[in-house]
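Open the model in your viewer and keep the selection panel at hand. We will go stop by stop.

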Amino acid sequence: MENCYFPQCWKTAVVVPIPKPDQDLNLLQNYRPISLLSSLSKVYESVLLKRLNQFLDNNNIIISEQFGFRKNLSTSHQLLRVTELIFDGFAKSETTGALFLDVAKAFDKIWHDGLLAKLIRLSCSAQFIKITHSFLTSRNFRVRVNNILSNPRPILSGCAQGYLL
């Protein structure tokens with residue numbers, strides 16, 4: 001951490017395609033790609049995530065309506081909150097509206113430079129930004145099918161399923 005470095009040997013994900021149940025296995029979209037990551041990288045990520053969450057909490061950056069990826073909060077809590085708002089609106093004869101967004105493959109589309117720019121704009125420490133840059137850059141993946149590994153391919157955007165950060 002003092003060197004603001006995420007080791008290169010921890011930056012390769014091995015992707016294993018897992019078939020979706022009761023689907024035609026001749027179609028690629030019927031497989032779920034699962035990324036296997038280094039155990040040591042996940043320990044390092046958990047330390048970084050703890051520091052990021054402390055920074056976000058200490059600076060009151062995350063709005064109270066944000067429930068995803070927050071300690072002691074879940075989609076069930078958010079659903080309960082929305083249900084209470086609707087019942088309160090009915091009780092007061094108020095109109096209640098809702099807008100739901102589901103961004104398809106959102107984590108596959110995370111723009112690394114944009115994410116780093118947001119961390120800078122939020123005044124994260126230079127050390128954390130450098131480590132995050134090191135974490136995001138020069139990543140690659142290999143696909144494993146029937147114990148055969150593909151050649152490494154670069155990851156230019158997005159975050160693999162299984163990343164903690």
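Is phenylalanine 87 buried or exposed? Select it and check: this is a predicted model, and in it phenylalanine 87 counts as exposed because its relative accessibility is 55%. The residue sits in helix α2, residues 75-91. Together with Phe87 they make a nonpolar surface patch of about 340 Å².

**Confidence**

Colour by pLDDT. The chain averages 89, and 99% of its residues reach 70 or more. Among the elements, strand β4 (residues 148-149) has the highest mean, 95. Strand β2 (residues 31-36) has the lowest, 89.

**Into the core**

Select leucine 52, in helix α1 (residues 39-58). Leucine 52 counts as buried because its relative accessibility is 17%, and the cut-off for buried is under 20%. Leaving out residues up to four places away in sequence, what does leucine 52 touch? Show Leu119 and Phe128: those are its contacts.

Both names come back in the largest nonpolar core, which has 21 residues. The members that touch the most others are Tyr44, Leu119, Cys124, Phe128 and Tyr163. Elements giving two or more residues to this core are α1, α3 (112-121) and α4 (126-136).

Next, centre on cysteine 124. Beyond its neighbours within four places in sequence, cysteine 124 contacts Phe55, Leu119 and Ile129.

**Helix α3**

Which residues of α3 are buried? Select His112, Gly114, Leu116 and Leu119. These buried residues pack against α1 and α4. Step past the end of the helix to serine 123, which follows α3 and has a positive phi near 65°.

**Positive phi elsewhere**

Most residues other than glycine have a negative phi. Two further stops go the other way.

Go to cysteine 4, in the segment before β1 (12-19). Its phi is positive, about 55°, although cysteine 4 is not a glycine. Cysteine 4 counts as buried because its relative accessibility is 18%.

Then jump to serine 93, in the loop between α2 and α3. Serine 93 also has a positive phi, near 55°. What is its setting, buried or exposed? Serine 93 is exposed because its relative accessible area is 71%, and the cut-off for exposed is over 50%.

Technical notes: Residues are numbered from 1 along each chain as its sequence is written. This is a predicted model: local features need pLDDT of at least 70, side-chain atom pairs count only at pLDDT 80 or more; totals for chains, interfaces and linings use all residues. Side-chain values use heavy atoms; hydrogens and water are left out. pLDDT is the predictor's confidence in each residue, from 0 to 100. Helices (H or I, at least four residues) and strands (E, at least two) are DSSP runs, numbered from the N terminus. Patches are made of residues with over 30% relative accessible area and no salt bridge: like charges are joined within 9 Å, nonpolar side chains (Val, Leu, Ile, Met, Phe, Trp, Tyr) within 5 Å. Accessible areas come from the Shrake-Rupley method with a 1.4 Å probe; for residues, only the protein chains shown count as cover. A salt bridge is a side-chain nitrogen of Lys or Arg within 4 Å of a carboxyl oxygen of Asp or Glu. Buried means under 20% relative accessible area, exposed over 50%, partly exposed in between (1.4 Å probe, protein chains only). Contact means heavy atoms within 4.5 Å. A nonpolar core is a set of buried Ala, Val, Leu, Ile, Met, Phe, Trp, Tyr and Cys residues joined through side-chain atoms within 4.5 Å.
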